[in-house]
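Let's learn to read a protein model together, one feature at a time. Have a look at it first, and then we'll talk.

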Amino acid sequence: MSHSTVPRSSAEASTPVKTAAASGDAAGPREKRVTGRLSLRHRFRRDRVLILMTLPAVVLLLVFSYLPILGNIVAFQDYDPYISDNGIVSILHSPFVGMENFQRMFEDSAFWNAVENTLVLFFVQLLLFFPIPILLALLINSVVGPRVRAFAQAVLYLPHFFSWVLVIAVFQQMFGGAGMLSQLLRQNGHDGLNIMTNPDTFPFLLTAQSVWKDAGWGIIVFLAALASVSPDLYEAAAMDGAGRWRRMWHITLPALRPVIALLLVLRVGDALTVGFEQILLQRDGVGPGAGEVLDTFVWWNGVRNQDFGYAAAAGLVKGVVSIGLVLAANKVAHLMGEQGVYQK
């Protein structure tokens, strides 16, 4: 009985396995195709609410960011917007001039002066402004009392909501020719000082205004990165005898390094955009020799002088160079072992 039962059970056990394997070999690709098609439908059905929520943002991005890129064709034209009330018709009927606008731009000393001012202001802000949100985040994170921390954050955030007109008005009242600093100097027998119209100190003035207005807002990302650090790491380091500075150097700063690398890449990519509204409001006070940057150069030639093709050529060069800077900075971030804006 036992001898006859064992082979039969073995055969019965082995038969379904062979059948399943054989049927799997025969119908495997078809099942995979069906599974893949159903999986895509399932994902679409599962995420349809999120897709519908993102559609307005996608449409706005296409209409206001990507479609206007086609308008860069005017950089190769002697564009005249008064040919027709329809901008597309004006583009189609404006004469092509090829690379003439770019040749004019590279031979224009005012353009190179704007490039020089832009780069000088970028490097000054990179050295003096970029580290300040990091230092403020470290300082706020070291405050033990939650009420003191919340008060400090509120005070630092507040200037971000001020317009540039108000910020410049405050600085004018403090450092202008009739401001508090000049009046204090005159009361003590010295000559007045007008920092607001000094071309030599203009980059530092712009950096000081940016620090007061936006440094508090910039610490939000760094505080979020610090909040993700486990307190157990600090406790373990303290038990091993690490002091405050060693804990900051070996725990806090490594936690901030990916965020610092990402923001640095974005800042380098934004090097040629150094604050249009802020500089435009103060350009006449210091003169175009010190106050002209690429953004104001494009605005002045395009809007004020209505040389739209020439201004579009300058803006196109600025955009291409900015893309190159982002790619180069991101490559450097990869070489340093960081993710950057996108992965390899």
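**Reading the model, step by step**

A: Let's begin on the surface: Val58, Val59, Leu60, Leu61, Leu62, Val63, Phe64, Tyr66, Leu67, Ile69 and Leu70 form a nonpolar patch with about 1100 Å² of accessible area together. This is a predicted model, where local features need pLDDT of at least 70, side-chain atom pairs count only at pLDDT 80 or more, and totals for chains, interfaces and linings use all residues. Residues are numbered from 1 along each chain as its sequence is written, and side-chain values use heavy atoms, with hydrogens and water left out.

Q: How should I read the word "patch", and what is accessible area?

A: A patch is made of residues with over 30% relative accessible area and no salt bridge; nonpolar side chains (Val, Leu, Ile, Met, Phe, Trp, Tyr) are joined within 5 Å, like charges within 9 Å. Accessible areas come from the Shrake-Rupley method with a 1.4 Å probe, and for residues only the protein chains shown count as cover. The protein exposes about 22000 Å², and carbon and sulfur atoms supply 67% of that area.

Q: Is phenylalanine 64 buried or exposed?

A: Buried means under 20% relative accessible area, exposed means over 50%, and partly exposed is in between (1.4 Å probe, protein chains only). Phenylalanine 64 has 62% relative accessibility, so this residue counts as exposed. You can find phenylalanine 64 in helix H2 (residues 48-66). For the whole protein, buried residues make up 28% of the 344 residues.

Q: How many helices and strands does the protein have?

A: Helices (H or I, at least four residues) and strands (E, at least two) are DSSP runs, numbered from the N terminus. Here there are 17 helices and zero strands.

Q: Which buried residues does helix H16 have, and what covers them?

A: Helix H16 (residues 294-304) has Leu294, Asp295, Thr296, Phe297, Asn301 and Gly302 as its buried residues. Their cover includes helix H5 (109-128), helix H13 (276-280), helix H14 (283-286), helix H15 (288-291) and helix H17 (308-335). Just after H16, glutamine 306 takes a positive phi of about 55°. On contacts in general, the rule is heavy atoms within 4.5 Å. Among contacts between residues at least 6 apart in sequence, 64% join residues at least 24 apart.

Q: How is a pair of aromatic rings described?

A: A pair is described by the distance of the centres and the angle of the planes. Rings of Phe, Tyr and Trp (its six-membered ring) pair if their centres lie within 6.5 Å; planes under 30 degrees apart count as stacked, over 60 as edge-to-face and the rest as tilted. The count in this model comes to 15 aromatic pairs. Take phenylalanine 76 and phenylalanine 102: their ring centres are 5.2 Å apart and their planes stand at 45°, so the pair is tilted. The pair links distant parts of the chain, 26 residues apart: phenylalanine 76 is in the loop between H2 and helix H3 (87-93), and phenylalanine 102 is in helix H4 (residues 100-106). Phenylalanine 76 is partly exposed at 25% relative accessibility, whereas phenylalanine 102 is buried at 7%.

Now compare phenylalanine 106 and phenylalanine 111, whose centres are 6.3 Å apart with planes at 80°, so the pair is edge-to-face. Ring pairs also link Phe106, Phe111, Trp112, Phe297 and Tyr310 into a cluster.

Q: What lies over the face of tryptophan 300?

A: A charge sits over a ring if NZ of Lys or CZ of Arg is within 6 Å of the ring centre and within 35 degrees of the ring normal. Arginine 283 lies over the face of tryptophan 300, at 4.2 Å from the ring centre.

Q: How many salt bridges are there?

A: Side chains of opposite charge can pair when their charged atoms come close. The rule for a salt bridge is a side-chain nitrogen of Lys or Arg within 4 Å of a carboxyl oxygen of Asp or Glu, and the count comes to six. In one of them, aspartate 307 meets arginine 104 (2.9 Å, N to O). Aspartate 307 lies in the loop between H16 and H17 and arginine 104 in helix H4, so the pair ties together parts 203 residues apart in sequence.

Q: Are arginine 283 and glutamate 292 buried or exposed?

A: Both are buried, and arginine 283 forms a salt bridge with glutamate 292, the closest N and O atoms being 2.9 Å apart. Arg283, Asp284 and Glu292 are linked in a network of salt bridges.
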